[in-house]
Amino acid sequence: MSRYEIRIGGFGGQGVVTMAVVLGETLSLIEKKFVVQTQSYGPEARGGASKSEIVVGDVEIDYPKVMEPDVFIALSRAAYLAYIKGLKENGVLIIDEDLVEIEGDLPNGVKVYKIPATRIAEQEVGSKQATNVVMLGVLCAITKIVTNEGLVQRIEERWPRFKESNLKALELGLKAGEAALAGQ
Amino acid sequence: MTTTPPILKHPMLKYIREDRMPAIYCPGCSIGIVTQMIARAIDNLGLDFSKVVIVSGIGCTGRTSGYFKTGTIHTTHGRAVAFAEGVKVANPELEVIVVSGDGDIAAIGGNHLIHACRRNIDLTIVCINNNIYGMTGGQFGPTTEHGRFSQTSPRPIGNPEYPFNLVQLAASSGATFVARWTATQARRATASIEKGIAKKGLSFIEVVGACPTAFGRMNRLGDGLDMHRHFLKVAEIQNGLPPHEAEFDYDRRIVCGEFVNIEKDEYTAVLKQMQEKLRK
Amino acid sequence: MPERIMFTMGDIASAEGALSAGCKYFGGYPITPATEIAEWMALRMPEVGGSFVQYEDEIASITSVIGASWTGVKSMTATSGPGVSLMLEAIGLAVMTETPLVLVNIMRGGPSTGQPTRGQQGDVMQAKWGSHGDYQIIALTPASVQEMFDQTVQAFNLSERYRVPVFVLADETVGHMRERLVIPDEKDLKIEYRKLATGDPADFLPFKPDDDLIPPMALLGSKYQFYATGLTHDYRGYPTDKEDVQLELVARLNNKILHNADKIIDLERFMLDDAEIAVVAYGTPSRSARKAIKEAREAGIKAGMLRLKTVWPFPEDALADLASEVKHIIVAEQNFGQVYYMVKAAAAPTPIHLMAKPAGMPQLPHEILDKIREIDSL
């Protein structure tokens with residue numbers, strides 16, 4: 001794998017940056033991949049559409065930003081509309097089905113996965129704040145870009161006090177991702 | 001047989017770079033008097049002079065640091081206080097004294113002055129207020145009274161602005177020791193500088209001085225001697241007066257004294273506590 | 001401290017580099033996109049027994065850094081273009097008083113307030129020519145999180161060695177991106193410290209240079225008394241308006257850097273050995289160029305890159321050599337052309353092509369590839 005690009009979009013407060021950082025930490029520190037993580041800043045990151053990105057590879061990453069994402073995870077309509085452009089042909093689109101609808105034409109061959117991530121976080125984990133970790137589980141199941149073991153290890157290291165709820169969110173996300181994959 | 005009479009040396013010369021004498025100041029200027037006050041205060045306190053740092057900015061008073069025989073720095077215009085803060089934070093063992101003119105410290109450097117007061121960092125600031133920008137030839141400054149004449153407020157125009165009262169400015173900004181004297185109260189001013197140095201916190205001592213060359217000439221106040229005589233006449237000592245009542249009316253009444261002497265946590269001591277709390 | 005590995009952003013890597021270099025004083029003021037450095041230092045400085053002060057503005061920040069450095073403490077500030085604009089007068093004071101300090105500039109869009117959250121490389125000329133008068137500074141241009149660490153350590157070493165302000169000039173992308181950072185075991189790091197005054201205080205001349213053109217430094221609070229001033233000064237540090245003193249001082253302030261340029265300049269040659277087209281780039285655009293060059297090579301075009309890790313002192317000799325090796329030089333920088341003019345002066349008459357982009361996104365790899373193809377077809 002020379003270069004694989006992931007884009008995550010949502011509104012401020014959904015944890016899109018944390019999601020990319022945890023993913024980056026896992027890929028870089030545990031799975032020993034080459035990783036660059038970038039994100040939007042400023043007023044853009046506070047409300048409206050906010051995004052964070054990961055480029056991962058087995059060789060050193062030259063250009064650090066996402067150009068044509070292999071995966072786009074959309075957690076809000078504004079982010080979907082702002083960042084859908086550029087999604088690679090035959091790429092993967094993961095949306096929170098309660099917050100985003102497919103609008104406009106998608107590039108050829110894009111596979112769409114609809115996951116009620118926020119609902120899962122709120123109703124089954126007990127906190128909307130866990131949405132981003134649910135989505136990490138979904139991403140892991142659908143793309144296999146990161147291992148579940150790696151994410152579990154990183155979550156345990158990073159949030160020792162909130163380990164349980166986050167591991168539960170990850171597990172639920174993984175299951176939802178697997179179900180969505182089976183349904184394709 | 002004849003004997004050469006011993007050459008008498010000024011007792012404060014031990015603190016001064018003799019090879020830089022004579023100083024640049026005009027006849028009748030007060031800066032030399034205040035320089036001696038600072039030397040005497042250091043001497044009276046018995047400080048290890050090598051641990052004293054003297055910082056100044058630009059202008060006539062800005063040259064003062066260069067005459068002291070210790071670690072001395074001549075910074076950019078208005079920035080003596082900021083420079084001194086860096087020195088004090090990096091090495092709190094040093095006794096840091098800022099000598100600054102009124103234009104340097106209250107106009108271009110006014111922001112640093114008020115924020116240093118707010119932090120209550122252990123500096124001693126001696127401000128020689130001669131009511132004018134002297135070095136550049138006599139333009140009105142932040143302490144020049146309304147209507148006074150200067151090169152940028154020439155006759156018949158007069159200064160369109162109103163002055164800062166430096167005692168009120170320093171006190172309301174948070175300084176924990178604030179005093180004002182004129183250059184003619186040499187002993188009292190020296191004692192206040194001593195107290196300011198000894199105080200753990202920000203001390204601000206204003207010394208009202210004469211600039212016969214610029215302020216005196218343009219406002220027809222006579223020569224240096226006349227101006228100093230005038231200070232003796234209008235200085236009114238009111239120790240302990242609330243700082244907002246410390247009036248400065250050049251012609252009629254310059255209220256002098258020590259107006260603030262309060263206790264408050266000193267900035268570098270607070271930083272040290274944080275280091276002790278977090279040190280790994 | 002043993003080796004540590006983090007996944008972190010360039011700003012934080014720079015702060016950690018400073019701490020590894022022995023920095024114990026940070027004076028700063030919040031500004032996007034450099035604020036993360038101050039935030040990191042606010043917590044880390046007390047941990048290492050150092051001090052973090054948030055000042056009322058950038059002028060106080062840099063001036064306090066000069067003051068702190070004169071006590072012998074390694075000191076720094078971090079800011080962005082508008083902050084550097086405010087600091088320029090004090091940078092002149094640091095040059096004139098030969099004060100070691102490090103200034104990290106995370107470059108954002110300009111002019112004026114510009115685009116605070118977007119990267120640019122518009123401050124290259126400002127770093128060199130911003131303060132008045134004739135002088136030299138050193139400016140390093142990292143392109144990765146690891147280099148933010150490594151080159152900040154190097155910035156401290158150079159500032160201590162040459163008694164000069166050293167800039168770390170990083171574009172916002174490098175400052176804000178996260179990558180893997182390896183902080184080496186402290187015993188594997190080469191850390192330099194300024195040459196200090198020795199000998200009898202009575203004979204000490206604070207601004208008399210040694211043969212290497214650098215005067216040993218006396219510290220505040222030491223047994224040496226001295227006067228340091230921004231005025232033109234003689235070996236004693238005393239102000240003078242004599243012409244010969246001014247000429248000697250200005251020449252020395254310049255030459256202590258220029259005569260050591262070969263020891264300061266750090267360059268990376270990438271696929272240049274048989275190249276016919278060379279891209280000159282630094283910071284984020286150099287990462288675009290690397291991708292473009294790999295793709296150009298796959299297409300059979302002999303392209304390469306000279307990556308500048310130092311922009312000041314400018315590597316004139318290396319550019320002159322490059323000009324004799326290749327047929328065309330492309331300068332790709334995230335501004336309207338700054339290093340370009342230096343390359344032009346050094347590498348004439350080889351054709352120099354500017355790819356200017358004074359905007360938040362750097363030249364994209366395919367844009368540089370297109371330019372390489374266009375020039376290859378000439």
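User: What makes α4(C) stand out in the lining of the largest pocket?

Analyst: α4(C) gives the most to that lining, with five residues. Helices here are DSSP runs of H or I with at least four residues, and strands are runs of E with at least two, numbered from the N terminus. This is a predicted model, where local features need pLDDT of at least 70 and side-chain atom pairs count only at pLDDT 80 or more, while totals for chains, interfaces and linings use all residues. Residues are numbered from 1 along each chain as its sequence is written, chains are lettered from A and ligands numbered from 1 in the order written, and side-chain values use heavy atoms, without hydrogens and water.

User: What volume does the largest pocket have, and what makes a space a pocket?

Analyst: Its volume is about 670 Å³, the space filled by probe spheres set on grid points that are joined across faces, edges and corners. On a 1 Å grid over the protein atoms alone, a pocket is an open set of points with protein on both sides within 12 Å along at least five of seven lines; a cavity is a set where a 1.4 Å probe fits but cannot get out. Lining residues have an atom within 4 Å of a point.

User: How does the lining of the largest pocket divide by class?

Analyst: There are 13 nonpolar, 17 polar and five charged residues. Asp, Glu, Lys and Arg count as charged, Ala, Val, Leu, Ile, Met, Phe, Trp, Tyr, Cys and Pro as nonpolar, and the others, Gly among them, as polar.

User: And what about the second largest pocket?

Analyst: The second largest pocket has a volume of about 520 Å³ and is lined by 25 residues, with Lys51(A) and Arg118(C) among those nearest its centre. Its lining has eight nonpolar, nine polar and eight charged residues, and α7(C) gives the most, with three.
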